[in-house]
Amino acid sequence: MEILAQNRKARHDYKLLDTFESGIQLVGTEVKSLRGHHGSITEAFIIEKDGELFLHNAHIPAYKQASLNMGHAPLAQRKLLLHRRQIHKIIGGITRKGMTAIPLKLYLNERGRIKLALALAVGMQKADKRQALKEKAWKREQHQLLKSAQHKD
């Protein structure tokens, strides 16, 4: 699995409840640009329109070798390709208070297809973020203490 673009702040800003793998409808120049590791989903989000899900505000720059009339809009909405049951589950989560669907990463799967990992999430407050950082630091410290204790034996 080759990661093409990643939203690193998502795990810090949100509590991830459920993750999904989605196909994404792209044109040829978008695929070429993404395969060259040009693209960003840091500011991207997922919206629902007419019972379908779209990736909004994902930046995929124009492919440099493409002619002017063959290009694409860098910030165009891109349709997500999911099973109907998954779409209903995500839309149901979005309509509840405080839940949102966020993209986590764009990657190439084993078959060479571009996929989007997305999650149904709840936004975290500052206190929750601080608590999560404390727990992470404590787990890291525990791991180091166990590792040093094993080396002494």
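**Stop 1: charges over rings**

Begin by selecting K49 and F54: K49 lies over the face of F54, at 5.2 Å from the ring centre. Next, select K105 and Y107, where K105 is placed over the face of Y107 at 5.8 Å from the ring centre. A charge is taken to sit over a ring if NZ of Lys or CZ of Arg is within 6 Å of the ring centre and within 35 degrees of the ring normal.

This is a predicted model, in which local features need pLDDT of at least 70 and side-chain atom pairs count only at pLDDT 80 or more, whereas totals for chains, interfaces and linings use all residues. Residues are numbered from 1 along each chain as its sequence is written, and side-chain values use heavy atoms, with hydrogens and water left out.

How many aromatic pairs are there? The count comes to zero, where rings of Phe, Tyr and Trp (its six-membered ring) pair if their centres lie within 6.5 Å, with planes under 30 degrees apart counted as stacked, over 60 as edge-to-face and the rest as tilted.

**Stop 2: the sheet**

Seven strands form an open sheet in the order 1-6-7-2-5-4-3, with antiparallel pairing. Strands (E, at least two residues) and helices (H or I, at least four) are DSSP runs numbered from the N terminus, and two strands pair if DSSP finds at least two bridges between them. Strands of a sheet pair through backbone hydrogen bonds, either parallel or antiparallel.

Select residues 2–6 and 45–49 to see the edges. Strand 1 and strand 3 each have a single partner strand, so one side of each is left without a neighbour in the sheet. From one strand to the next, the twist averages 45°; angles run from 0 to 180 degrees between N-to-C directions, and axes are lines fitted to C-alpha atoms, for helices over the stretch in contact.

**Stop 3**

Select residues 114–123, which make up strand 7. Eight of its 10 residues are buried, so strand 7 is largely enclosed by the rest of the structure. Buried means under 20% relative accessible area, exposed means over 50%, and partly exposed lies in between (1.4 Å probe, protein chains only).

**Stop 4**

I24 stands opposite L80 in strand 5.

Select S22, which is found in strand 2. Is S22 buried or exposed? S22 is buried, with a relative accessible area of 0%. Its contacts (heavy atoms within 4.5 Å) include L80, L116 and L118, not counting residues up to four places away in sequence.

**Stop 5**

Select strands 3 and 4, which pair in the antiparallel sense over five bridges. E48 has L53 as its bridge partner in strand 4. These strands form a hairpin with two residues between them, and D50 in the turn has a positive phi of about 55°. Strand 4 and strand 5 run antiparallel and are joined by two bridges; the bridge partner of F54 in strand 5 is K79.

**Stop 6: the nonpolar cores**

A nonpolar core is a set of buried Ala, Val, Leu, Ile, Met, Phe, Trp, Tyr and Cys residues joined through side-chain atoms within 4.5 Å. Select L53, L55, L80, I90, L106 and I114: of the 26 residues in the largest core, these touch the most other members. Among the elements giving two or more residues to this core are strand 4 (52–56) and helix 3 (84–95). A second, separate core of seven residues includes A10, I102, L104 and Y107.

**Stop 7: two loop residues**

Finish with H37 in the loop between helix 2 (28–35) and strand 3, and N57 in the loop between strand 4 and strand 5. H37 has a positive phi of about 60° although it is not a glycine, and N57, also not a glycine, has a positive phi of about 70°. Most residues other than glycine have a negative phi. H37 is partly exposed at 40% relative accessible area, and N57 is partly exposed at 28%.
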